[in-house]
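Thank you for making the time this morning. I would like to walk through one structure with you, going from ring contacts to the core and then to a few backbone details.

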Amino acid sequence: HCKRRLTAADASEACACAGEGGEGGEGIGAASWGCCVDGGVNETGSGGGELYDKTTRWRWLRRPGFTWTCAAETRCRDKYGNGRTTRGADIVFVPEAATCSSPRILMVHGDSWTGGGPNATGYFWHGSRLAAATGAIVLSVDYPLAPTCLDAACAARADFKTIVAWILRSGEYLATRVPAVDGTDLPLEGCENLPGQGPPLLIAGDSSGAGSAYSALVALSGGRERLNAGRDKFAGAVLFSGWYDLQCTSPTYVSNAYADVPRLNASFSSNDAAPLLGASWPSGDLSYAAPPAQTGWESVQLAINYAGSYQATFDPVASTAHAGAELLRELPPIYMTVGGAEVLMGENFIVAQNAAAASTADHTNEVVLDVFDGMWHDFEMYSQGCGNPASTPLWQGQLAWARAARFVRDVAATGHAPCAAGQVGGVPGGAPRTTWHMTAPPVARGDEGHAWAPSGGSEPDLFPCAPAIG
């Protein structure tokens, strides 16, 4: 059970890994990495940690006009079936010391637009940690899953237009109000402000949720949509392991395909190396263990399901890897992470490069792209260590979270990404600030390792400049 490869469905199953890091961990040094490779995740998707961050408080939120039904008769395909038929209830996560002036983050969950929700597959933990790490108030939205029927006749179904509109209308809500949450410093009546007069508003998402979050930004940048009649805007975005190419044409579907790589050829002659013969290292994206053509085909089917039709997968607001500069000229600061072994790595580079290149003389699109060597799709969700016996965190996931939190705090304080232009290591106009994070060698067997820090990265988050605020 522990040794099978990880698939999306495995995120809902418990697995206790045995041994020091599991087979395949030596040389890449990850007790927790090896355990994740071998499938050790639990039902929260958080990899053996707490269900939620105890420094936050939370509540359900039902908003008028934001209800939908997940049942067989509505063709809802929530593969996790989280026990809720009447859907559309969001969850609000609030740090205990938050006030009405605290930044706000709209969170969009992933899972291929066919599963998940604010209380499912690790997203409850994800939302509470996002609030705790950033000091922001987080609204995790329960958007309708594709292709759910939205009326009795099924004349309207959830597709990318429905989901992006749901995200934008939810952003309008969060820009102007926050409900009261017990156990926090928020007023008993909650928070309410006029459009355009609230604290900084950001958006965050992972995987398909990152794709839809970025679609919302592209719709705003290209003038297709406006928040509260143009009086509000997103100040920044945090996008983990995003899915942006609905045609699934990235070359990394092949070059990052999962494989067991032999440590030695069978013909290698050395008595000292004999114990390694027949052993292998895992390589590529363990979240996509099928052959590349199968992974691509299955992904295209999910993309069509989300877009609403094959033709709609060519809409640049849906398939944002293909968005031109005319749609990208007014983007807010963006922080992106992707695993160096992800099949989606290629499209993450394309999106980051296209966004930064669309900068103009009047507006710089500040894009920070972090690549984590050897990491699989959505590795950020397993930063607590995947339940490995030593309870060792996954440093790559921990660093991604630390840098995301720093990004949010700097954007909220200054309107700019960390180390923005004019500072040491500034974000260049026309190109994303890209850092490839690798494990520092040498790494002993069973040692979790740490980042091979870029030169000048003295801060805990390894940005080469001091935070905008303490």
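Let me begin with a question: over the face of which ring does Arg63 lie, and at what distance from the ring centre? The ring is that of Phe66, and the distance from its centre is 3.9 Å. Arg63 also lies over the face of Tyr173, in that case at 5.3 Å from the ring centre. Please keep in mind throughout that what you see is a predicted model.

Staying with the rings, the count of aromatic pairs comes to 14. One of them is formed by Trp58 and Trp60, whose ring centres are 6.3 Å apart and whose planes stand at 75°, so that the pair is edge-to-face, the class for planes over 60 degrees apart. Trp58 is partly exposed, with a relative accessible area of 35%, and Trp60, at 30%, is partly exposed too. Another edge-to-face pair joins Tyr310 and Phe314, with 5.3 Å from centre to centre and 85° between the planes. Here again Tyr310 counts as partly exposed at a relative accessible area of 46%, as does Phe314 at 44%. Returning to the two tryptophans, ring pairs link Trp58 and Trp60 with Phe93 and Phe124 into a cluster.

Let me now step back to the chain as a whole. The chain has 470 residues, of which 58% count as buried, and its secondary structure consists of eight helices and 15 strands. If we take the contacts with a separation of 6 or more, residues 24 or more positions apart account for 77% of them.

As general background, in soluble globular proteins nonpolar side chains tend to be buried together. In this model the largest nonpolar core has 75 residues, and those with the most contacts inside it are Ile203, Tyr214, Phe234, Leu239 and Met336. Helix 3, which covers residues 160-176, gives the largest share of this core, namely nine residues.

Next I would like to look at helix 4, which runs over residues 208-221 and holds Ser215. Is Ser215 buried or exposed? Ser215 is buried, because its relative accessible area is 0%, and the limit for that class is under 20%. The side chain of Ser215 reaches the backbone oxygen of Val317 at 2.5 Å. Beyond residues up to four places away in sequence, Ser215 touches Val164, Tyr306, Val317, Ala318 and Thr320.

Gly211 also has its place in helix 4, and Gly211 is buried, with a relative accessible area of 4%. The C-alpha atoms of Gly211 and Gly242 are separated by 5.3 Å, although the two residues are 31 residues apart along the chain. With its neighbours within four places in sequence left aside, Gly211 is in contact with Trp243 and Tyr244.

I will finish with the backbone. Most residues other than glycine have a negative phi, and most peptide bonds are trans. Against that background, Asp111 has a positive phi, near 100°, and sits in the loop between strand 5 (104-108) and helix 2 (123-134). Asp111 is buried, with a relative accessible area of 12%. Leu462 likewise is not a glycine and has a positive phi, of about 65°. Leu462 lies in the segment after strand 15 (433-437) and counts as buried at 12% relative accessibility.

Finally, which residues does a cis peptide bond join? They are Ala146 and Pro147, with an omega of about 5°, and Pro147 lies in the loop between strand 6 (137-141) and helix 3.

Terms used. Residues numbered from 1 in each chain as written. Predicted model: local features only at pLDDT ≥ 70, side-chain atom pairs only at ≥ 80, totals over all residues. Heavy atoms only, no water. Phe/Tyr/Trp six-rings, centres within 6.5 Å; stacked < 30°, edge-to-face > 60°. Buried < 20%, exposed > 50% of the residue type's maximum accessible area, 1.4 Å probe, protein only. Lys NZ or Arg CZ within 6 Å of the ring centre and 35° of its normal. Core = buried A, V, L, I, M, F, W, Y, C linked by side-chain atoms within 4.5 Å. Helix = DSSP H or I, 4+ residues; strand = E, 2+ residues; numbered from the N terminus. Polar contact = N/O pair within 3.5 Å; in protein donor to acceptor, adjacent residues only side chain to side chain. Contact = heavy atoms within 4.5 Å.
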